[in-house]
Amino acid sequence: MPIPLILGLAVFNTIGMANMIKNTVITNQANNDLELAKSIHQKSVDKIEKAQKQVQDSINNLDTVQRDIYESFIQFALLIEKIQSKPDFKKIRKSKIDLPEIELEDIKSISVAVQTLPLCTPLMATSVIGGFPIFGLVVMVAQGVKLAQLSNQANEAMKQANEEAKKADESCELLYQISKAADSYCISIKRVNDVYKTHLNMLDFMINKQNKIDWDDFDANEKLVIENLSLLVTFLYKMCKVELLIKDNQENEKIRVNENEIIKITSESEEILKMVS
């Protein structure tokens, strides 16, 4: 028995309405996923930019301290050159710490060169500040896109956004490690530098105010100040040469904090300060 026309239309409309509702639900879900993917992406971008800024500030602070130290070396070198009949300070050092061999001319050259050259190494500047990705999520457009395509695009966008979020977390973890290491090392250098500056001012007073220019003009305590000053200069030079970051050969040359060297020289700085106190 044939289905009456009115009943057939009703069934058709019911099926059509159900499909329309289903398509609307799928479309809304896809659009919601796209908006969520963009939100996750933006959070990743903001997180990376915040971490990068913190690292930039930390490295800038360390750079400023190192630059100040290097620039002060010229004053030390010029003062030492005025002292006649002075001993070879390298031969009378009592420190058991391994110190670099550096001459006055080298110190002066460094002091002049640092006024025009950046202290941050290329590794630090490119790999730390600009080397972490600011992700580029593809923004999907729903208009004119077939339902199946829209759903696939939304799924792909969510997958990409979640991958970016994971990479952002990993990058930020390293960035904050770098920032922490730079801040800590900066404090250690400042402590040594403060003692060095005190000794440098004492030497300046002895030479330019008291007019002492011969080694025999200085008493035992004054000679000790000069000897300690020479030790501090050499050690500060060593501290400034330490690389904050290195490539890990065991991890596909990934960048990592040079933690062992930083810990070692920070410990040595405590020994140096005890020696000159």
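Let's start with Asp33, which is buried and yet has no salt bridge. How far away is the nearest side chain of opposite charge? That side chain is Lys38, and it is 12 Å away. For a salt bridge, the charged atoms would have to be within 4 Å. Please keep in mind that this is a predicted model.

So where does Asp33 sit? You'll find it in helix α1, which covers residues 5-82. If we leave aside neighbours within four places in sequence, Asp33 is in contact with Ala154 and Met158.

Now, on to the largest nonpolar core, which has 59 residues. Which of them touch the most other members? Those are Phe73, Tyr196, Leu203 and Ile226. Two or more residues of this core come from each of α1, α5 (147-209), α6 (220-241), β2 (254-257) and α7 (259-276). The biggest giver is α5, with 16 residues.

Take Tyr196 as an example: again leaving aside neighbours within four places in sequence, its contacts include Phe73, Phe76, Leu229 and Leu236. There is also a second, separate core of nine residues, and among them are Ala30, Leu34, Ala37 and Met158. You've met Met158 already, as a contact of Asp33.

Last stop, the strands. β1, residues 245-248, runs antiparallel to β2, and four bridges join the two.

Terms used: Residues numbered from 1 in each chain as written. Predicted model: local features only at pLDDT ≥ 70, side-chain atom pairs only at ≥ 80, totals over all residues. Heavy atoms only, no water. Buried < 20%, exposed > 50% of the residue type's maximum accessible area, 1.4 Å probe, protein only. Lys, Arg positive; Asp, Glu negative; His and termini not counted. Contact = heavy atoms within 4.5 Å. Core = buried A, V, L, I, M, F, W, Y, C linked by side-chain atoms within 4.5 Å. Pairing = 2+ DSSP bridges.
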